[in-house]
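Thanks for coming. I will walk through one structure today and keep to a few places in it.

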Amino acid sequence: MPLPKIRLAAAAALLSFAALSGPATAETVGEVGVDWTGNDIIVDAVSDPKIEGITCHVTYFDRGVIDRLRKGNWFEDPSNNSIACRQTGPVVIDDIDLSKDGEEVFRSGLSLIWKSLQVTRIYDRKNNTLIYLAHSRQVVEGSAKMSISTVPLFNQQVTWKKGAPQ
């Protein structure tokens with residue numbers, strides 16, 4: 001299915017932005033049409049760039065051209081998203097941010113400039129668990145729409161390249 005011109009422009013802007021930012025890139029593994037106006041739910045697979053063996057599947061809503069024409073907001077997709085992360089191979093952890101703020105793993109534009117979908121990884125030291133938080137980030141007004149997924153490391157064979165945190 002060919003991409004609408006709006007989506008191509010957004011993808012080009014995202015690719016140029018992603019080349020500068022450095023987080024993981026996504027591979028679209030599913031695209032489900034939800035109505036006659038061309039709106040789709042996109043499913044992307046995102047591998048954590050600092051942790052081998054972890055893959056997150058992130059979903060988001062992609063508005064079609066007819067919906068953009070009807071509603072008038074040409075350059076923005078809704079903030080709705082979902083995430084599920086699982087171990088998909090041997091886990092090898094590189095030098096990750098262990099602070100409570102976590103570390104950005106992935107970012108994708110939901111508008112040309114102002115809004116993005118962001119995935120942040122947080123390490124829960126006490127429970128030996130990786131937490132992946134998907135949320136929308138907006139310059140002007142934040143969104144309360146978010147979802148999380150956890151990958152417990154307890155009783156798993158995990159290799160820490162710089163040694164396990166104490």
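In which strand is the place of valine 32? That residue sits in strand E1, which covers residues 26-33. Keep in mind that this is a predicted model. Together with Val34 and Ile41, Val32 forms a nonpolar patch on the surface. The accessible area of these three residues together is about 220 Å².

Next, the disulfide. The structure holds 1 of them, and it joins cysteine 56 to cysteine 85, with an S to S distance of 2.1 Å. The link of cysteine 56 and cysteine 85 is right-handed, at 105 degrees about the S-S bond. Cysteine 56 lies in strand E3 (residues 51-62) and cysteine 85 in strand E4 (residues 81-93), so the pair ties together parts that are 29 residues apart in sequence. As for accessibility, cysteine 56 is buried at 4%, and cysteine 85 is buried at 1%.

Now the salt bridges. The count comes to 4. One of them joins the side chains of glutamate 103 and lysine 50, at 2.5 Å from N to O. That pair links distant parts of the chain, 53 residues apart: glutamate 103 is in strand E5 (residues 103-109), and lysine 50 is in the loop between strand E2 (40-47) and E3. Glutamate 103 is buried, with a relative accessible area of 15%, whereas lysine 50 is partly exposed at 31%.

Glutamate 103 also forms a salt bridge with arginine 121, where the closest N and O atoms are 3.0 Å apart. Arginine 121 is buried, with a relative accessible area of 1%. Through shared partners, salt bridges join Asp48, Lys50, Glu103 and Arg121 into one network.

Another salt bridge is between the side chains of lysine 161 and glutamate 52, at 3.9 Å from N to O. Lysine 161 is in the segment after strand E9 (158-160), and glutamate 52 is in strand E3, 109 residues apart.

Last, serine 147. Where is the place of this residue? Serine 147 is in strand E8, residues 146-152. Is serine 147 buried or exposed? It is buried, because its relative accessible area is 16%, and the label applies under 20%. A polar atom of the serine 147 side chain lies 3.3 Å from the backbone nitrogen of isoleucine 83. Serine 147 also touches other residues, including Asn81, Tyr132 and Ala134.

Technical notes: Residues numbered from 1 in each chain as written. Predicted model: local features only at pLDDT ≥ 70, side-chain atom pairs only at ≥ 80, totals over all residues. Heavy atoms only, no water. Helix = DSSP H or I, 4+ residues; strand = E, 2+ residues; numbered from the N terminus. Buried < 20%, exposed > 50% of the residue type's maximum accessible area, 1.4 Å probe, protein only. Polar contact = N/O pair within 3.5 Å; in protein donor to acceptor, adjacent residues only side chain to side chain. Contact = heavy atoms within 4.5 Å. Disulfide = S-S within 2.5 Å. Patch = residues over 30% accessible without salt bridge, like charges linked within 9 Å, V, L, I, M, F, W, Y side chains within 5 Å. Areas by Shrake-Rupley, 256 points an atom, 1.4 Å probe, with all protein chains shown as cover. Lists of a residue's contacts leave out its neighbours within four places in sequence.
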